[in-house]
Amino acid sequence: MTDFTDQIRERLLPFPKRHFIASQDLDPPDIMALLDLADLFVDMNRRSTKKLDLLKGRTQVNLFFENSTRTQSSFELAGKRLGADTVNMAAKTSSVAKGETLIDTAVTLNAMKPDLLVVRHSASGAAELLAQKVGCCVINAGDGQHQHPTQALLDMLSIRRAFGHVDGLTVAICGDVGHSRVARSNVILLNAMGANVRLVGPATLIPGDADQWGCEVYHDMREGIAGANVVMMLRLQLERMDGAFIPSTREYFRFFGLDREKLQVAAKNVRVMHPGPMNRGVEIDSEVADDLSISLIQDQVEMGVAARMAVLASLAARLEAEGK
């Protein structure tokens, strides 16, 4: 493992900023450096020994105000595999449930002197607010309808490993774009890396300013995914909807759900993605989701640990460079 550690240290660069709040925190060279580092962590995670000491002595707090399975567990695994002391805090079992404000929580956490704070919150801007109040590095694990930058990074990693590149690929992001922080973060990274991005969905679920995102917008599923190399489906986020955005889930699947028939118009080398959790039979058919010859959905879960290891290690390298 010593040789492997040396390879990682050669690739490891300090994160460009003190915090990772949004996808625009990364320029193309930063994205490439993190993807290259994450590739090494993929190889490491497939070995029997998965433990490094890059974060030895560092404390990582995972503060989740929203329920999460994939994101929280992957951040926990990432921190532990890098040697950090990892603590999970759920809002339901914290003082927040007793009425404590986000600022009070930040002050309390800051007094505990953590090095890395991973936060998920239902309010857009919560991660940035915390970053202004604490002395440690803050990683946005999803804030409201704003962004989810590490999800976009792991999606990019999955795409690059599947195709060998991102530049020039046509990526169709389909479904509930309006309520999706994943879509916003992915659009920024994909555009930065030279992909051709399309947004596909009913007019009620496409933001009014989507034409300013640097994407093509389609309201017909077949037109939107025609010739696409990647079809990224989004969860229909009914819990974030205030009003009737769709007639019914059955009607939604008929027009915008991904099935074999619709997928025939995509490129022959098409790959299908979904950030999870999936609503089978609503935004994607099980036959498509479970076909490992085209589906990258399980791959995305694996890439999540590696991509987050790259972010944590890079932020820790920045702290070290700052003498902290």
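Student: What does the protein chain average in pLDDT?
Tutor: This is a predicted model, in which local features need pLDDT of at least 70 and side-chain atom pairs count only at pLDDT 80 or more, while totals for chains, interfaces and linings use all residues. The protein chain averages a pLDDT (the predictor's confidence in each residue, from 0 to 100) of 92, and 93% of the residues score at least 70.

Student: And where is the pLDDT below 50?
Tutor: That is the case over residues 240-244, a stretch that has ten contacts (heavy atoms within 4.5 Å) in the model beyond near neighbours in sequence. Where pLDDT is low, the predicted coordinates should not be read in detail. Residues are numbered from 1 along each chain as its sequence is written, and side-chain values use heavy atoms, leaving out hydrogens and water.

Student: How many residues are in the largest nonpolar core?
Tutor: It has 71 residues, and Phe 41 and Ile 173 are among those with the most contacts inside it. A nonpolar core is a set of buried Ala, Val, Leu, Ile, Met, Phe, Trp, Tyr and Cys residues joined through side-chain atoms within 4.5 Å, where buried means under 20% relative accessible area, exposed over 50% and partly exposed in between, with a 1.4 Å probe and protein chains only. Apart from this core lies another, of 24 residues, including Tyr 218 and Phe 256.

Student: Switching topic, how many aromatic pairs are there?
Tutor: A search of the whole structure finds two. Rings of Phe, Tyr and Trp (its six-membered ring) pair if their centres lie within 6.5 Å, with planes under 30 degrees apart counted as stacked, over 60 as edge-to-face and the rest as tilted. The ring centres of Phe 15 and Phe 20 are 5.1 Å apart and their planes are at 55°, so this pair is tilted.

Student: Are those two buried or exposed?
Tutor: Both Phe 15 and Phe 20 are buried.
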